[in-house]
Amino acid sequence: MSGRGETRRDFLRASLIAGVSAVAVRCARAPAARSSPSLRPVRVVFPTDPLPVNLAQPRDVTAYQFARLVSDSLVGFDRRLTPIPRAARGWVWSDDHRTLTFSLRESVLWHDGLPLTSQDVVHTWRTAIDPRTGVPDRGFALVESVEAVDRLTVHVHYRRAFSPAVASWTVPLAPASDRGDETRPLGCGPWKFTRWDSGERVILDAFPGYYDGPPGAGRLELEVLRDYSTRFAALIAGRVDITNLSPEYYEKALADPDFQRRFRVLTYRIPFCWFIAWRMDGSNPFFGDRRVRLAMTLAIDRPGFIEKMSHGFGEVAVTSFHPDLWGGDPELKPWPFDPARARVLLAEAGWRPRAGDGVLVKNGAPFEFRLLYAQSGAETQRIAELVQANLRAVGVKAQLEPLAWAVLLDRRRTRDFTAVMLGQRTDADPDPYDLWHSAEAQSGFNAGLQDPEVDRWIEQARETFDRAERERLYRRVARRLHEEQPNTFFFYPNSALAISRELTGLEVSPLGPLAFWPGSHAWKWSEGRVRAPGE
Amino acid sequence: MTPTRAWRGFSTLPRRFAVAGVTVLGVTFAAFVALSAAPGDPLASRVAPEERRGLSPQEERELRTRLGLDRPVVLRYLAWSGRFLRGDLGESFQTRRPVADEIRTRLWPTVELNLAAFLVVTFAGLPLGWWAGRRPGRKIDRWSLVTFSLLYAAPSFWVALVLQNLFAVHWRILPLYGRTPPDGAASLGVHLQHLVLPALCLALHQFAFFARFARNTSASGWRSGHALCARAAGVPDIRVFFRHAVRPSLVPLAALLGLLLPAFASGAVLMENIFAWPGLGFLFWSAVETRDAPVVMGLTALVGILTVAGSLLADLLGQLADPRARRGPVGA
């Protein structure tokens, strides 16, 4: 019996192993067949599902990037986010700078084969400012009317001269007469919508009728993956070709020779800046004094933070003007980490250390305030703790107050703060009116800078259509910000992208690899084997 | 036992349904108040701060009125519940589509995932537990105790990452994520392959819990006087085991299985994110992140209904499994 039992068990075990092996072999994906380069899809990770999308009013950055793939705009961005003509052959301002004329290209086709006309542009504008679908781009706030003069000419009438206006025409075009819908968008861009697997992916095919020729790759698969570890695993498993890496995975990727052999890693600075706004309107005894604000900047170890805590993933900021976009002053250097000089400046401003705990006091009042910041995210917590420790070393007590994002925005909006740490996205046009004009000091983003000269420069730049002149004016603003330090500009964060080495033609702009020209249009699979560095 | 007497326990069903309806409304009211009382301006979820710069105070007031944010919370809730009873859950702040459509699109993937996890718990966890309970104190029982305890203690997200790396990256025998392949192939086999890892990971904790529970109840039944008597009288072991070890454990298990629905619903939030499974958990995560109140309310109502339905189901299963419950109170 026992022998028969053993035999039966052995037989069952062998059958089980054979069965599992057979299933495994059946299920195992054969190595991706090397299809023709023009048919092989490029698989890109998207953090959220971009659909449904209103092309003329995308709801967020992801939807905007998607809309730019499917539909062109009158104006596009080059790699440095300078406006360039796309669906429009060009634009001309009237002599009084109140009418902007766009001439459309004749050869632009919608994906259903109909040509782009001026009526489509008018429809796009109407959709973009429709309050039922969202909130219009503030660049459209000064538009009085949009007029279809003839089939290929559009006049945009402005209430007053406004040089940053052109950038708002990077809005993706939507076809008139409601062709396509939010789940099956119909555009006039290089990629044509093919399929949407809700919550999973969107598939786009190269549009053969695109006026600049079809894209180099035949198909784009936009894979929706939120989780960074799944993204990294998907890259290693060959399920995706392009993805962003978190700082942790960036370090892991750099340390892995096999990863380096299969993928290249690009880093780029995103148009974003972390900063601490000091309320300088006299409502507190600290930050009305320029010396104190500068001392705060000198006392905080910004380079050390980036090096040690942010995995080297960023660059110390100088002002709100982003270094990869035009408008800032490249000669300005960030203030160094210099706590000794910070102490001197604070002493000059009348702050003396108290016996016992060393906290600075002036007129009997201790230098103690609350620093507000968003409680979500480990990065903001780390920055806040570093600021607290650095300031304590020069005798300043910062009490940390983490808040829910919505509360933080409310507190800033209602001016209920002394110091607040925030991140700010930078627009492609450097117009800093919302940030630094006195008119915004009561309710807008400006935490208290009221400088008539800065106001004049900003206003002049809004009415100046010569880019060199605008740049000169903005450099003055940048220098004044550098001197006055209304904010401690913390750092410009980086983003890292891992890309299959077999994919060629991929470049990045501050907006990433997609939302600029030529962007994905230039991507192409290499014909032969691509060698990794050192091979 | 006459049929009338057998089903007397079910006569309270109408009352239970009424209580269930009131419970769902209570849950939604609590969620509505909590959402409204959450700090911060609810308009921030509809309009990004950058966009808000483009709004005049008049436009902001109009938007608040249009969204109903200018009314007291009780009136807003009454309006919401009126629409809810008519099947209208409002419009998502983010996508501006009907919430019912958003939920409908994502409902089936979640049902599918939960059903698969339920099957794993029921048809693998329980038999394993019963089997271990038949040999209390022996090697198989000791090993099962260690294994079930480890499975119960292991963080499910960590297990998910390990399984992903083993089966999808290293051996490449199962899909890494998603519900369908990019080529659109929709065969049952392909679909089941996609289901394996997320369902296993979702079932993990409940599997360990139920297996352990089944082991304990069947072990005590197996060692009971009835079982010993029956075995001494020569009744076959297998029959004794089913009658005196497995059957008594069904009553509490039925009650617990009914409560699996809400447990899976919350577990699915994490698993659906890791496995990019396009279900309600994925939707819930995004809605909470973006403070999309109509979607959060719609999903809360759905989970409330599921919880109450699960509890009712547990009662009914308990009555089916336990004759005493079917007969109603003694003397009735």
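Predicted model: local features only at pLDDT ≥ 70, side-chain atom pairs only at ≥ 80, totals over all residues.
**Exercise 1. Helices α9 and α10 of chain B**

Task: Determine how α9(B) and α10(B) are arranged and which residues make their contact.

Solution: 

Step 1. Two packed helices are described by the angle between their axes and by the distance between those axes.

Step 2. For helix α9 (residues 156-170) and helix α10 (residues 188-222) of chain B, the angle is about 150° and the axes are 10 Å apart.

Step 3. Angles over 145 degrees count as roughly antiparallel. The two helices α9(B) and α10(B) are therefore roughly antiparallel to each other.

Step 4. The crossing of α9(B) past α10(B) is right-handed. On the side of α9(B), the contact is made by Ser156(B), Val159(B), Ala160(B), Leu163(B), Gln164(B) and Phe167(B). On the side of α10(B), the residues are Leu197(B), Cys201(B), Leu204(B) and His205(B).

Step 5. Sorted by class, the residues of this contact of α9(B) with α10(B) comprise seven nonpolar, three polar and no charged.

**Exercise 2. Helices α2 and α6 of chain B**

Task: Describe the crossing of α2(B) and α6(B), and classify the residues in their contact.

Solution: 

Step 1. Helix α2 (residues 13-37) and helix α6 (residues 73-85) of chain B cross at roughly 135°, and their axes come within 10 Å.

Step 2. This angle makes α2(B) oblique to α6(B).

Step 3. The handedness of the crossing of α2(B) and α6(B) is right-handed.

Step 4. From α2(B), the residues Val24(B), Leu25(B), Thr28(B), Phe29(B), Phe32(B), Val33(B) and Ser36(B) take part. They meet Val73(B), Arg76(B), Tyr77(B), Trp80(B) and Phe84(B) of α6(B).

Step 5. The contact of α2(B) with α6(B) holds nine nonpolar, two polar and one charged residues.

**Exercise 3. Helices α7 and α12 of chain B**

Task: State the angle at which α7(B) and α12(B) cross, and list the residues that meet.

Solution: 

Step 1. The axes of helix α7 (residues 99-133) and helix α12 (residues 237-258) of chain B cross at roughly 145° and come within 12 Å.

Step 2. Their crossing, α7(B) with α12(B), is right-handed.

Step 3. In α7(B), the residues are Phe118(B), Thr122(B), Leu126(B) and Trp130(B). In α12(B), they are Phe241(B), Val246(B), Ser249(B), Leu250(B), Leu253(B) and Leu257(B).

Step 4. This contact of α7(B) with α12(B) has eight nonpolar, two polar and no charged residues.

**Exercise 4. The cavities**

Task: How many cavities of 30 Å³ or more are there, and what lines the largest cavity and the second largest cavity?

Solution: 

Step 1. The count gives two cavities of 30 Å³ or more.

Step 2. The volume of the largest cavity is about 340 Å³. It is lined by 31 residues, and Ser320(A), Gln424(A), Arg425(A), Thr426(A) and Leu435(A) are the closest to its centre.

Step 3. In chain A, β13 (272-278), β20 (419-425), α12 (433-436) and β21 (487-500) each supply at least two residues of the lining of the largest cavity. The most comes from β20(A), with four residues.

Step 4. The lining of the largest cavity consists of 17 nonpolar, six polar and eight charged residues.

Step 5. The second largest cavity holds about 150 Å³ of space. Of its 16 lining residues, Arg68(A), Asp72(A), Leu514(A), Phe516(A) and Trp517(A) lie nearest its centre.

Step 6. Both α2 (61-70) and β2 (75-77) of chain A supply at least two residues each to the lining of the second largest cavity. By class, this lining of the second largest cavity divides into nine nonpolar, four polar and three charged residues.

Methods
Residues numbered from 1 in each chain as written. Chains lettered and ligands numbered in written order. Heavy atoms only, no water. Axes fitted to C-alpha atoms, helices over the stretch in contact; angles between N-to-C directions. Parallel < 35°, antiparallel > 145°, perpendicular 65-115°, else oblique. Left-handed = near helix turned anticlockwise from the far one by under 90°. Contact = heavy atoms within 4.5 Å. Nonpolar A, V, L, I, M, F, W, Y, C, P; charged D, E, K, R; others polar. 1 Å grid on protein atoms, 1.4 Å probe; cavity = no way out; pocket = protein on both sides within 12 Å on 5 of 7 lines; lining within 4 Å. Points joined across faces, edges and corners; volume = space filled by probe spheres on them.
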